Amino acid sequence: MTGLAVAMDVVAVGFFAWFVALVTRGRTVPAADGGGQSVAMLLIAVSLGLLSVSLWSLP
C-alpha cells in the first residue's frame with residue numbers, strides 16, 4: 001500500500017505543479033469556463049493528497 005500512497009502523492013504533486021503553471025503563466029486567450037480548469041487541478045491535487053494519508057498508515 002505504501003507504493004500506492006507514493007504514486008498518489010507523486011500524481012498530486014504533478015496536478016499541483018500544473019495548477020501553479022496555469023495560474024502563473026497567464027492565459028493569452030481567456031478560458032470559456034472562467035478559470036475552472038485551474039481550480040479543478042487544485043482540488044484534484046488536494047483530494048489525492050488527502051486520500052493517500054490513510055494509505056500511509058496501512059501495513
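Guide: One term to start: a nonpolar core is a set of buried Ala, Val, Leu, Ile, Met, Phe, Trp, Tyr and Cys residues joined through side-chain atoms within 4.5 Å. Also, this is a predicted model.

Visitor: Okay. Which residues make up the largest nonpolar core?
Guide: There are 5 residues in that core: Ala5, Met8, Ala12, Leu48 and Leu55.

Visitor: Which helices supply at least two residues of this core each?
Guide: H1 and H2 do. H1 gives the largest share, 3 residues.

Visitor: What is Met8 in contact with, leaving aside neighbours within four places in sequence?
Guide: Met8 is in contact with Leu48, Leu51, Ser52 and Leu55.

Visitor: Switching topic. Where is Ser47?
Guide: Ser47 sits in helix H2, which covers residues 36-56.

Visitor: And how far apart are Ser47 and Ala12 in space?
Guide: Their C-alpha atoms are 8.0 Å apart. In sequence, Ser47 and Ala12 are 35 residues apart.

Visitor: Why does Ser47 count as partly exposed?
Guide: Because its relative accessibility is 39%. Partly exposed runs between the buried cut-off, under 20%, and the exposed one, over 50%.

Visitor: Now the outside. Which residues form a nonpolar patch on the surface?
Guide: Val6, Val10 and Trp56. Together they have about 280 Å² of accessible area.

Visitor: Which helix does Val10 lie in?
Guide: Val10 lies in helix H1, residues 2-25.

Visitor: Is Val10 buried or exposed?
Guide: Val10 is at 56% relative accessibility, so it counts as exposed.

Methods:
Residues are numbered from 1 along each chain as its sequence is written. This is a predicted model: local features need pLDDT of at least 70, side-chain atom pairs count only at pLDDT 80 or more; totals for chains, interfaces and linings use all residues. Side-chain values use heavy atoms; hydrogens and water are left out. Patches are made of residues with over 30% relative accessible area and no salt bridge: like charges are joined within 9 Å, nonpolar side chains (Val, Leu, Ile, Met, Phe, Trp, Tyr) within 5 Å. Accessible areas come from the Shrake-Rupley method with a 1.4 Å probe; for residues, only the protein chains shown count as cover. A salt bridge is a side-chain nitrogen of Lys or Arg within 4 Å of a carboxyl oxygen of Asp or Glu. Helices (H or I, at least four residues) and strands (E, at least two) are DSSP runs, numbered from the N terminus. Buried means under 20% relative accessible area, exposed over 50%, partly exposed in between (1.4 Å probe, protein chains only). Contact means heavy atoms within 4.5 Å.
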